[in-house]
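Please look through the structure shown here, with its sequence at hand. The paragraphs that follow go from strands to rings to cavities.

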Amino acid sequence: MFSFFRTRFSRTLPGLLAGIALTASAFAADTPAARPIPLAGADELTPSRSEYFSWINNAWEGSDATQTRVNLDFFRWLHDTYGMKLDIYALDAGNLDTNGRRYGNTTSPGFLQKYPQGFGPLAKQAAAMNTRLGMWAGPDGFGNTPAEAAARAETVTALFRDHNFALLKLDGACGTLRREKWTEFDNMMTEIRRHVPDAILLNHRLKLGPGTRHATTFLLGGDETYIDVHMTNKTTGSHHRVAAISRELPPRLTRLTEDHGVCLSSCLDYWEDDLILQAFNRNLILAPEIYGNPWFLRDTEYARLAYIFNLHRHYRDILVHGQTLPPEKYGPNAVTRGDATTRFVTLRNLTWEPVTHTVTLDKEIGLEKPADANAQVRVRLYHPAYRDLGVYPYGAQIPIETAPFRSLLFKAVVEPAPSLDKLWAD
């Protein structure tokens with residue numbers, strides 16, 4: 001199977017939405033301005049980091065070095081072909097710990113059978129495309145003696161110290177953290193942050209005691225998003241992702257939460273609608289975030305996947321600023337993000353009929369009134385199709401139609417009025 005994947009990813013795919021994928025050079029200057037790193041590794045204004053995690057590509061048995069290497073080859077192909085950058089590749093359950101309070105280490109025969117050279121070569125492979133690894137784990141594993149506690153702390157800390165891991169996901173599926181081990185956990189996280197201050201710590205349904213101060217996120221609604229397995233439609237709809245695109249917003253648009261990302265494995269239709277809302281509507285600290293088997297997408301969809309990642313990355317610094325829009329006018333959970341001159345608006349339609357919203361191109365969607373009375377607002381649709389919707393005066397009202405059970409993304413940008421010289425040149 002994996003040799004098939006390797007062949008599939010390395011060949012040139014004809015007819016891939018030419019012109020829609022954005023190149024790496026167009027997004028070279030995407031590093032956020034230097035800011036102090038908070039204790040939890042991020043704060044509400046930290047730009048999002050893109051992530052893939054391997055759940056459903058492997059289950060509780062875990063992955064192995066060959067499988068992970070081929071998966072990384074796929075993301076390298078997206079990187080080289082479309083300029084798509086993946087910040088974090090997270091190894092999910094079974095690679096270190098697994099369910100039922102089974103805690104592992106990197107020296108056991110079982111681990112070395114799957115990863116005979118450890119994680120070092122994989123971390124280097126990921127780093128070649130500016131990606132860092134992450135790890136799913138249980139919260140405890142500190143044993144019953146000081147020596148066992150020290151060994152566990154060293155196992156986890158070494159991932160960050162020696163291989164520059166970017167993320168630790170702690171899941172209640174591997175048990176809880178014993179109260180008497182709260183201090184050991186807090187000390188371990190303190191040491192990890194000494195080596196990797198920007199490490200993301202995902203907390204899935206756990207009480208971590210004083211170590212909670214290190215947690216970057218909580219799990220939004222406690223929901224896992226495996227389509228038609230953990231996340232099923234609660235109403236009739238035209239596709240399987242109606243429940244996913246119906247999700248509520250985090251309280252107060254909190255970005256320091258995790259929504260479990262977008263599942264690319266079962267029921268793949270309309271995954272783009274799901275990802276648009278994950279990346280541009282909720283825009284959490286991990287975004288765009290996907291998991292499962294993105295190689296199951298159609299050949300013609302890879303460019304679209306990369307395009308969403310690239311578009312988000314280009315604007316991620318301003319997407320941290322969001323506000324909700326009046327639901328009576330813009331529909332459920334509509335959000336606008338951006339700065340005074342550039343706004344991204346996400347809408348959704350959860351009904352069986354097309355819905356037309358009247359969008360006001362002014363402060364209502366976050367655009368500040370320009371000093372130039374002749375300035376214009378250019379509106380561009382990005383999803384579900386790409387096209388310019390026109391140029392309008394500031395404050396104009398325009399109709400935008402959202403199709404049944406779909407999401408929609410458009411950008412509104414304040415532009416200076418064109419000069420006569422430019423009009424003549426055009």
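Start at Gly338, whose bridge partner in β11 is Arg343. The model is a predicted one, and this bridge belongs to the pairing of strand β10 (residues 335–338) with β11, which is antiparallel and has four bridges. Three residues lie between β10 and β11, and the two strands form a hairpin.

Strand β11 covers residues 342–349. It also pairs with strand β16 (residues 406–415), again in the antiparallel sense, through eight bridges. Here Arg348 has Ser407 in β16 as its bridge partner. In general, strands of a sheet pair through backbone hydrogen bonds, in either a parallel or an antiparallel way.

Are the residues of β11 buried or exposed? Eight of its eight residues are buried, so the strand is described as mostly covered. "Buried" here stands for a relative accessible area under 20%. In a regular strand, side chains alternate between the two faces of the sheet. In β11, Thr342, Phe344, Thr346 and Arg348 point one way, while Arg343, Val345, Leu347 and Asn349 point the other way. Both sets are buried.

Another part of the model holds an open sheet of eight strands with parallel pairing. What is the order of its strands? The order is β6-β5-β4-β3-β2-β1-β8-β7. β6 (217–218) and β7 (262–264) are the edge strands, each pairing on one side only. Within the sheet, β4 pairs with strand β5 (residues 200–204) over five bridges, in the parallel sense. In this pairing Leu170 stands opposite Asn203 of β5.

Next come the aromatic rings, which form 25 pairs. In one of them, the ring centres of Phe74 and Phe75 are 5.1 Å apart and the ring planes are at 70°, so the pair counts as edge-to-face. The cut-off behind this is that planes over 60 degrees apart count as edge-to-face. Phe74 and Phe75 are both buried. The rings of Phe111 and Phe119 are also an edge-to-face pair, because their planes are at 70°, with centres 5.2 Å apart. Phe111 and Phe119 are buried too.

Ring pairs can also join into a cluster, and one such cluster links Tyr52, Phe74, Phe75, Trp77, Tyr82, Tyr89, Trp295 and Tyr302. A ring can have a charged group over it as well: Lys169 lies over the face of Phe53, at 4.4 Å from the ring centre.

How many cavities of 30 Å³ or more does the structure hold? There are two. α9 gives the most, with four residues. Sorted by class, the lining of the largest cavity has four charged, three polar and three nonpolar residues.

The second largest cavity has a volume of about 40 Å³. Among the residues that line it are Ala137, Phe142, Arg152, Leu168, Phe185 and Met188. Leu170, named above as standing opposite Asn203, is also part of this lining. The elements giving two or more residues here are α5 (146–163), β4 (167–171) and α6 (182–195). By class, the lining of the second largest cavity has eight nonpolar, two charged and one polar residue.

Technical notes. Residues are numbered from 1 along each chain as its sequence is written. This is a predicted model: local features need pLDDT of at least 70, side-chain atom pairs count only at pLDDT 80 or more; totals for chains, interfaces and linings use all residues. Side-chain values use heavy atoms; hydrogens and water are left out. On a 1 Å grid over the protein atoms alone, a cavity is a set of points where a 1.4 Å probe fits but cannot get out, and a pocket is an open set with protein on both sides within 12 Å along at least five of seven lines; lining residues have an atom within 4 Å of a point. Grid points are joined across faces, edges and corners, and a volume is the space filled by probe spheres set on the points. Ala, Val, Leu, Ile, Met, Phe, Trp, Tyr, Cys and Pro count as nonpolar, Asp, Glu, Lys and Arg as charged, and the others, Gly among them, as polar. Rings of Phe, Tyr and Trp (its six-membered ring) pair if their centres lie within 6.5 Å; planes under 30 degrees apart count as stacked, over 60 as edge-to-face and the rest as tilted. Buried means under 20% relative accessible area, exposed over 50%, partly exposed in between (1.4 Å probe, protein chains only). A charge sits over a ring if NZ of Lys or CZ of Arg is within 6 Å of the ring centre and within 35 degrees of the ring normal. Two strands pair if DSSP finds at least two bridges between them.
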